[in-house]
Amino acid sequence: MKTFPFIYNEPRQFLSSLQGKQWADFLLGEINPRFSVTTIKAKVVAVREETADAKTIVLKPNWLWKGFRSGQHVPVTLEIAGRRVTRYYSLSSLPKDKYLSITVKRQKGGLVSNFINTNIKKGDVLELGDPTGHFTLPKTLPSKFLFLAGGSGITPIHSILKQLAANQFKGKATLLYFVRSFEDIILHSSLEEIAKSTGWLEIKYIFSDVPKEGYDSGFLSKEILQKYTEDLKSYSVYVCGPAPMQTKALSLLEGIDVKSELFLLPGQTSSKVKKTGTVDVFLSLSHKTIQVKGERSLLEELEDQGIYPQSGCRMGICHTCVCKKAVGSVTDLSNGEVSELGEENIQICVSRAESNLELEL
Ligand code: FES
């Protein structure tokens, strides 16, 4: 027979055996908001300012957290103005660190990134999901890496660099970090520390908006790549940044083994808007027709009109927003491809209306 001390010795088993996990969750939440038998919850143990518009949130997860691989991202769910919203953020810490970290930069119009930067403080509890993503190191390490980071795209690369340092990597790595200005460099001191303590990492900061003496200015180009690499084909290349940088990198690195992670920012499109005026979108499940401009993703344009379909990452990764398009054409914002007019499933967070549409929503 189980005795009372069992509760203390094996609390997980005890709580899992309770009738109804929701009830157990409620009970646990009363004891400590981080405790749960159903949900990964993490307490904010520190908030560090990285730049004027980016913060690192250090998190202590509960017992349901199973770990992650450097380069992966994690869904973070928050309640904002009574609405549960989820966004994916790359983990900037090392898997074996005592705590997890996400580093979040404010995005123009970004509901969650601005909320986190303004409101999240030590002691708050966030809900996490399982980490996902293939932007990770291979089992056998190549001898040369080239990392191309743009803005907050540095976060998974920072974790990967820490992992290489922990693995006592013996090769050579070059990081070209494209950022608006010196003041916008995220995780600056940590990057410098990795370079200094390991000796195999060369970092070049390239500023797009505010030039600085002694540094390169501009965007990713063939000239910059030629300046800092020799024999591109000999590198294993990792790219993480916004869509224009991603597209440029993939065109410059054609034929080379590239791992890439796209950051599609709110309102960002990867190809030019050609049309003017509006298109009709018929929502077949709710028997409603709305007009959208076809200037941003369908998800954003629906939300503008008070319609909130299910969504998660909002950048084409998690598939939470997939819905059936019965009729009409959309542009896939992650690669600029225009779809056929017929029936298919689309991810509305990375699809922009090209013609009148019928969606199963
Ligand atoms: S919300 Fe994740 S794929 Fe669209």
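**Exercise 1. Pairing of E3 and E4**

Task: Find how many bridges join strand E3 to E4, and in which sense the two run.

Solution. Start with the strand limits. E3 covers residues 73-80, and E4 covers 83-90. Strands here are DSSP runs of E with at least two residues, helices are runs of H or I with at least four, and both are numbered from the N terminus. Two strands pair if DSSP finds at least two bridges between them. Eight bridges join E3 to E4, and the two run antiparallel.

The model is predicted, so local features need pLDDT of at least 70 and side-chain atom pairs pLDDT 80 or more, while totals for chains, interfaces and linings use all residues. Residues are numbered from 1 along each chain as its sequence is written, and side-chain values use heavy atoms, with hydrogens and water left out.

**Exercise 2. The sheet around E3 and E4**

Task: Give the strand order of the open sheet and name its edge strands.

Solution. Six strands form the sheet, in the order E4-E3-E6-E1-E2-E5, with antiparallel pairing. Now look at the ends. E4 and E5 (100-105) each pair on one side only, which makes them the edge strands. Neighbouring strands are turned by 40 degrees against each other on average, direction ignored. Axes are lines fitted to C-alpha atoms, for helices over the stretch in contact, and angles run from 0 to 180 degrees between N-to-C directions. H4 (residues 111-119) lies across E2, E3, E4 and E5, at about 85 degrees to E4.

**Exercise 3. The largest nonpolar core**

Task: Which residues of the largest nonpolar core touch the most other members, and which element gives the most to it?

Solution. A nonpolar core is a set of buried Ala, Val, Leu, Ile, Met, Phe, Trp, Tyr and Cys residues joined through side-chain atoms within 4.5 Å. Buried means under 20% relative accessible area, exposed over 50%, and partly exposed in between (1.4 Å probe, protein chains only). The core has 29 residues, and Phe147, Leu161, Leu175 and Tyr177 touch the most other members. E7, H5, E8, H6, E9 and E11 each supply at least two residues. H5 gives the most, with five. Another core, of 23 residues, lies apart from this one and includes Ala42, Leu64, Ile102 and Ile120.

**Exercise 4. Helix H5**

Task: Does H5 count as largely enclosed or largely open, and what span should its 13 residues have?

Solution. Count the buried residues. They are 10 of 13, so H5 is largely enclosed by the rest of the structure. Among them are Ile154, His158, Leu161 and Gln163. Then check the length. The expected span is 1.5 Å times one less than the number of residues. For H5 this gives 18 Å, and the end C-alpha atoms are 18 Å apart, which agrees. After the helix comes Gln168, with a positive phi near 55 degrees.

**Exercise 5. Strand E13**

Task: Which residues of E13 form its covered face, and which strands pair with E13?

Solution. In a regular strand the side chains alternate between the two faces of the sheet. In E13 (residues 279-283), Val279, Val281 and Leu283 form the covered face, while Asp280 and Phe282 form the uncovered one. Five bridges join E13 to E14 (residues 288-292) in the antiparallel sense. Phe282 has Thr289 as its partner there. Their hairpin has four residues between the strands, and His287 takes a positive phi near 50 degrees. E13 also pairs with E20 (residues 357-359), in the parallel sense, over three bridges.

Methods:
Contact = heavy atoms within 4.5 Å.
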